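Subject: Structure for you to look at

Hello,

Here is the structure I promised to send. Please open it first, then read my notes below with it on screen.

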Amino acid sequence: MKAMARISTRREFLRAVGWGAAGVAAGGLIGMAEQNSPLGARRAEAATTALSLVATDGYLSVPGREGNPLYIFGFVPVDPALSVAELISTYKGHTKHTAPTLEFLQNDDIKITLTNLGLVQRPDLTDSHTIHWHGFDLPSPVNDGVPEVSVAVPIGKQVTYFYRPHREGTYMYHCHFEDVEHVQMGMTGIVFVRPAQDGTSIGGFTRFAYNDGDGSTGYHRHFAILFNELWTNFHDGDRDIQESIATDYDPQWFTLNGRVYPQTVLPNDSTSLPADMRIATPNPNYDDAPDYSQPNSALIQVNPGDRSLLRLANLGYQQHSMQLPGIPMHVIGQDAALLRNGAVDTSYWTNTLYLGPGEARDVLFDAPGYDAARPSGSDSWGSYNVYYFKNRDWRKLANFGSTAPGPGGMMTEVRVYSPARPLPAQTVVSQTYV
Amino acid sequence: MMRQKAQRLAAVVTLAAGSALVAPGHADALPAGAPRSGMVCTPGAVSGGTHTFNLVAKTGYIETPDGNSVFMWSYANADAPDSGQFQSPGPVLCVTQGETVVVNLTNNLPEPASIVFPGQDAAVAATGGAAGLLTTEAAATSGTVSYRFTAGSPGSYLYESGSDIAKQIEMGLYGALIVRPSLGPGYAYDAATAFDPAREYLLLLSEIDPDLHHAVETGTTYDVNARRDRYFAVNGREFPDTIQDNGSGLLPNQPYGALVRIRPTSPGAPPALVRMINAGALNHPFHPHGNHTTLIAQDGRPLRAPGGGSASTEHFGETIGSGQTEDFLLRWDDQDKWDPNTNPLPVAPPNYRNVAFKDGNTWYGGSPYLGYQGTLPTGVVSQNICGEWYFPWHSHALNEFANFDSGFGGMATLLRVDPPGGCTGYPTLSTIVGGVLKGGTVADLGVDDTRYYMVNPRTTTRPTATTATQTSITVASAAGFPASGDYYVRIDNEVLLVTGGQGTTTWTVGRGQLGTVAATHLSSATVTALAVDWYAAVTGLPAGAQNLKVTYKGENCGSTTATTCVAIGSNPPQQTVKICNWTIAGAAGCSSATSAGWVALPPPPAQPQNVGSSDVTSTWTLPGPASAYVGTGSNGGQVRVLVHTQRYTGPNPAPFSTWGNLMALTYDAP
């Protein structure tokens with residue numbers, strides 16, 4: 001497997017959740033950690049970034065479906081230098097969910113090449129795919145990825161999409177081909193745009209959610225968390241050549257970054273991790289050889305006093321009411337827009353964040369001090385206080401069919417570590433430490 | 001998963017290819033002259049400060065794009081041209097703040113029905129009827145009740161049934177109530193919420209569980225808790241029906257379209273206003289593709305900070321709660337202005353061998369650039385008129401972005417972005433009705449460049465020698481010379497005026513005209529016209545095109561043989577550009593230069609114009625409907641523009657060549 005070629009003139013590039021974990025060698029597919037420069041480096045002029053994604057099928061695991069993984073479609077980041085034939089031989093049938101978190105800088109030129117590898121489980125199914133950058137302003141339809149008003153990418157073909165994002169903030173991306181099916185099947189990810197202000201020093205911060213001018217959206221660590229749901233009908237129906245009726249929608253699992261609790265608190269996937277910290281899914285189309293198809297952790301690891309930015313997006317079909325008991329949440333952005341209107345501050349503090357499908361929020365919180373008397377735990381990094389970022393609707397805190405005790409579903413943990421062993425500075429979004 | 005679609009694509013085709021298909025009769029629930037897109041207000045009757053509407057609660061059916069027909073209840077407008085035929089949803093009631101609003105309800109349903117006006121500040125007084133749980137009700141089967149209230153704060157509101165609401169609202173008893181500020185129709189609330197009144201849109205959301213409707217239709221029981229919605233509507237239609245025109249005869253009981261149209265805006269120009277109302281029981285997360293929308297008000301309350309500043313927010317997705325209303329402003333202030341010639345996208349458009357067109361049908365114009373069309377693969381049907389862009393606006397609860405079991409339907413509409421100057425067409429046909437082709441093709445008229453469509457004057461010969469005093473001459477051929485009217489020709493160094501025998505080969509002539517001297521001419525001398533006439537035609541104009549603008553850019557050159565334009569230093573030719581009015585008696589298809597159908601394009605600029613050997617660009621505007629200028633029958637969709645150039649002024653006018661650089665027709669597409 002080749003390391004991703006550096007075809008970009010940018011120093012900062014795609015940062016996929018989990019590929020840059022400190023103390024964790026890069027994930028199994030692409031080595032990027034050593035190439036990541038510190039966030040916040042500024043460049044004098046706009047640059048061009050190019051990256052490549054493939055679309056294909058695969059499987060993932062959820063508690064309650066042991067021995068019977070869920071069939072999925074998804075995007076996998078790949079080396080742009082590989083030919084279509086090489087991509088097919090390497091990646092076809094080994095997709096992942098969620099898609100990599102994409103990070104770009106405001107006003108850069110961005111080229112994303114999508115290759116449709118086709119489906120191993122359903123060779124009869126000749127679906128095309130697209131990339132829709134959800135929320136992007138004023139695209140040409142050809143770059144908006146809606147097949148009915150532009151074009152789609154059929155099997156074995158490549159198309160390069162172009163973007164020049166002028167508006168910083170948190171967005172999402174997904175396939176728009178038969179989207180009620182393909183989004184549910186797993187073709188979803190977060191994309192965010194860093195402000196041009198990044199790299200300047202304002203109010204003690206050098207990284208910001210928005211061009212705020214006053215440092216009010218500065219952060220020390222940021223985490224991209226995508227909400228999704230999993231409904232067996234589409235997954236099993238597509239696997240078994242059965243029709244699903246979209247308006248029957250009634251999902252069984254509720255995920256953060258494609259994982260349910262307690263999967264959500266496992267680190268970003270890496271070949272260097274011990275087996276019990278990885279999510280292996282036997283791929284029935286490859287003699288049950290394991291795929292590690294849920295690469296993106298939802299674990300939030302912070303030091304006391306860290307200001308953290310949650311980049312939240314919902315590509316499920318239901319609204320979700322999220323809480324972080326013990327830590328108030330400051331909503332400073334939504335839908336890639338700073339919550340400020342001239343001199344009027346429209347940001348708000350809340351304990352309950354209600355997020356509808358297709359919406360995004362940027363939420364700041366300050367990690368409390370470490371207190372050994374508070375609910376605590378310890379992991380391979382050290383001792384921590386734990387706070388739960390979870391759905392208030394407890395029906396979404398269950399793993400359908402699972403007999404394991406305790407909560408499941410749409411929940412993860414904020415771990416505030418003891419000062420005895422502080423976390424190093426974050427170098428990539430959603431970085432995890434083991 | 002690919003599925004066969006049962007969508008009425010033919011109905012969609014009508015939208016774009018209106019010139020090819022005769023649109024069925026207009027539904028008459030709407031007032032005469034209602035626009036094809038945008039919110040349509042019900043006029044009602046205004047007397048003094050009182051605004052009265054007469055509604056009828058009744059039953060009917062709607063159609064869904066997957067071929068279903070669903071039994072509905074709704075309010076009809078008794079004062080409509082169709083005298084209260086069933087329509088879903090109810091009429092859009094627009095009133096002005098402070099008006100006394102009277103709504104008279106006649107109930108033709110088999111059970112008591114009523115109307116409530118949630119969000120109105122003032123008390124609603126009822127006359128007649130009988131007390132019900134929430135308001136006064138009209139008795140079943142032709143009972144009546146009258147409601148009266150003072151229109152309160154400006155904004156978008158819902159009106160709906162106040163009787164057996166779990167059933168009656170689901171069955172369709174709802175509509176939009178718009179309260180305008182006294183400031184005027186171009187304001188949503190206040191000076192800060194000014195919008196373009198020509199771009200006011202209403203998107204009223206609702207859901208349908210056809211099982212409940214079937215139970216009501218057949219008088220059987222239904223468990224509301226078992227509700228499972230299958231159809232998700234915008235303005236009472238499911239996509240793609242939502243983009244049909246207002247009042248489309250294809251949807252006789254669903255008069256309200258939901259197509260949103262905008263043109264690129266410039267900072268300072270007013271935005272479009274999009275009023276959203278959720279009449280359903282579910283919350284709907286609505287996702288506008290293309291640009292952020294600005295939320296300015298909720299439930300008729302402008303978003304303001306405690307200090308009074310605007311607290312509006314920007315969204316690419318916004319969940320609108322059950323029963324809620326939200327008003328948005330929409331702009332299209334382009335920053336990159338991608339252009340194929342001056343600012344191309346850094347990534348070339350995809351090669352068609354690498355892409356697929358879904359279902360062989362597309363709204364894509366074949367070019368990534370606004371206002372440009374390209375070729376599409378054979379077999380792909382395009383709904384695109386002239387390179388406009390389309391973006392879906394839809395519920396991002398994607399199970400609602402479906403018609404029962406087929407995707408790309410349901411709670412969705414399209415945003416249509418029109419090219420900044422309107423649609424532009426270029427000639428595809430040309431005919432020389434007085435002259436001969438020197439060089440170039442009609443395609444040269446489509447691009448402003450160094451290639452010209454070049455026309456020389458007609459020539460013939462004198463078979464015999466000419467004396468200096470002869471006033472009747474014969475010519476070898478009269479073809480290409482005017483069949484009527486006096487005109488000048490030139491033989492050698494003499495200009496002659498033809499005053500008789502036009503259209504024949506024996507002409508009566510005046511000698512030594514325009515500063516020349518009568519002279520003898522040898523046998524076989526060349527006779528050259530001093531005028532040229534040619535026309536070019538833009539084809540494929542959609543029916544309903546409006547506001548034509550004709551642009552012509554060309555020059556006249558002093559030589560009929562040189563390959564470069566020979567300068568004309570003085571005494572330049574005069575150019576008159578005319579358009580064919582096909583409806584003028586005797587127009588005869590504008591097939592000759594002297595047809596009665598040719599009318600000079602109205603000033604400005606005034607005609608004729610002196611046009612010498614430098615390109616002159618002129619644009620003429622023909623306001624209003626373009627129908628008289630768009631051909632029918634075998635000339636369907638054709639607009640003909642004639643360029644007449646003559647050099648009928650002294651001293652000593654010499655033959656010239658007319659070179660056309662660019663001819664363009666811009667118009668507002670329907």
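How many helices and strands does chain A have? Chain A has four helices and 25 strands. Keep in mind that this is a predicted model.

**Chain A**

Start with confidence. The average pLDDT of chain A is 90. A score of at least 70 is reached by 89% of its residues. Residues 1–43 of chain A are another matter: there the pLDDT is below 50. That stretch still has 112 contacts in the model, beyond near neighbours in sequence. Read those contacts with the pLDDT below 50 in mind.

Chain A has 434 residues, and 59% of them count as buried. Now take its contacts between residues at least 6 apart in sequence. Of these, 74% join residues at least 24 apart.

**Chain B**

Chain B has three helices and 45 strands. Its C-alpha atoms fill a box of roughly 105 × 60 × 55 Å along the principal axes. There are 670 residues in chain B, of which 50% count as buried. For contacts in chain B between residues at least 6 apart in sequence, the share that joins residues at least 24 apart is 69%.

**Where the chains touch**

How many residues of chain B are in contact with chain A? The count is 56 residues of chain B, in contact with 57 residues of chain A. Three elements of chain B give two or more residues each to its side: β16 (284–288), β19 (313–315) and β24 (389–395). The largest share, four residues, comes from β24(B). By type, the residues on this side of chain B are 30 nonpolar, 19 polar and seven charged.

**The cores**

The largest nonpolar core has 215 residues. Which residues have the most contacts inside it? From chain A they are Ala55(A), Tyr171(A) and Met172(A). From chain B they are Leu177(B), Leu203(B) and Val274(B).

Leaving out residues up to four places away in sequence, Val274(B) touches Tyr201(B), Leu203(B), Val260(B), Thr293(B), Phe328(B) and Leu330(B).

**Backbone details in chain B**

Look for two cis peptide bonds. One runs from Phe239(B) to Pro240(B), with omega near 5°. Pro240(B) sits in the loop between β13 (231–234) and β14 (260–262) of chain B. Another joins Gly650(B) and Pro651(B), with omega about -5°. You will find Pro651(B) in the loop between β44 (639–646) and β45 (657–668) of chain B.

Then check two residues with positive phi. Asp492(B) is not a glycine, yet its phi is near 50°. Asp492(B) lies in the loop between β34 (487–491) and β35 (494–500) of chain B. Why does Asp492(B) count as partly exposed? Because it has 14 C-beta neighbours inside 10 Å.

Ala588(B) is not a glycine either, and its phi is positive at about 50°. Its place is the loop between β40 (574–580) and β41 (598–600) of chain B. Is Ala588(B) buried or exposed? Ala588(B) is exposed, because 12 other C-beta atoms lie within 10 Å, and the cut-off for exposed is 12 or fewer.

Best wishes

Terms used:
Residues numbered from 1 in each chain as written. Chains lettered and ligands numbered in written order. Predicted model: local features only at pLDDT ≥ 70, side-chain atom pairs only at ≥ 80, totals over all residues. pLDDT = per-residue confidence, 0-100. Contact = placed C-beta atoms within 7 Å. Nonpolar A, V, L, I, M, F, W, Y, C, P; charged D, E, K, R; others polar. Core = buried A, V, L, I, M, F, W, Y, C linked by C-beta atoms within 7 Å. Buried ≥ 20, exposed ≤ 12 C-beta atoms within 10 Å, placed from the backbone.
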